[in-house]
Amino acid sequence: MHFQKNKDEVFEAVAKAATDAHRPSDSVTVIAVTKYVDSSIAKDLIKTGVTHIGENRVDQFLEKYHAFEGQSLVWHLIGSLQRRKVKDVINLVDYFHALDSVKLAAEIQKRAEHPIKCFLQVNISKEESKHGFSIEEIDEAIDAMKAYESIELVGLMTMAPLGASESELQDIFSKTEQLRQRLAALQLPRMPFTELSMGMSGDFKEAIAHGSTFVRIGTAFFK
């Protein structure tokens, strides 16, 4: 695999998408999703200068976290988290992207030893196969989390359906950004809502055009 070439191409494409959206070229953080590979391959990617690592599953997260312990990496847990596994991982993550229920927030509050930066997962497309809050559920959920001092709601995370059309992508991503702006305007303690985690290898350009600040890239690094 041509890791350096792939890494340079991904970062250049993300920077160009940002400038095309009239934003600073460094306004988007690239998360390298390494769920497709083992630690030895992930190590080669990290050598290219990637510093933000994302994993979907707790077991894979823990395996790589301990394999690269001591390195200056930023760790993102981007997949669903079962409440029974919160205690195993939550104090190791720098960002948790899939806070999808109030019950999960309560468990994080119980187990966290320091404030955890979390994204509320929102299901804008209302797909039954996807987790996350609907737009209609957001305000009630936030109200329930106001007392959780160990949770910092930095932003929103969403995923577009596989095979979504250009117009569908624009609709989903723009609605997520509009929701983020509304929540940020509330200026609630520990809920800045300054960030958007949306966009993957196939749709990050559209996501960046609608305000994404974190993109989750996997396959483009390992082609």
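Phe61 and Tyr65 sit 4 residues apart in helix α3, residues 58–67, so about one helical turn separates them. Helices here are DSSP runs of H or I with at least four residues, strands are runs of E with at least two, and both are numbered from the N terminus. This is a predicted model, so local features need pLDDT of at least 70 and side-chain atom pairs 80 or more, while totals for chains, interfaces and linings use all residues. Residues are numbered from 1 along each chain as its sequence is written, and side-chain values use heavy atoms, without hydrogens and water.

Back to the rings. Searching the whole structure gives 8 aromatic pairs; rings of Phe, Tyr and Trp (its six-membered ring) pair if their centres lie within 6.5 Å, with planes under 30 degrees apart called stacked, over 60 edge-to-face, and the rest tilted. Phe61 and Tyr65 are stacked, at 6.0 Å centre to centre and 15 degrees between the planes. Both Phe61 and Tyr65 are buried, meaning under 20% relative accessible area, where exposed is over 50% and partly exposed in between (1.4 Å probe, protein chains only).

Next, Tyr95 and Phe214: a tilted pair, 5.3 Å centre to centre, 55 degrees between the planes. Tyr95 is in strand β4 (residues 95–99) and Phe214 in strand β8 (residues 214–217), so the pair ties together parts 119 residues apart in sequence. Tyr95 is buried at 17% relative accessible area, and Phe214 is buried at 5%.

Phe3, Phe221 and Phe222 form a cluster through ring pairs.
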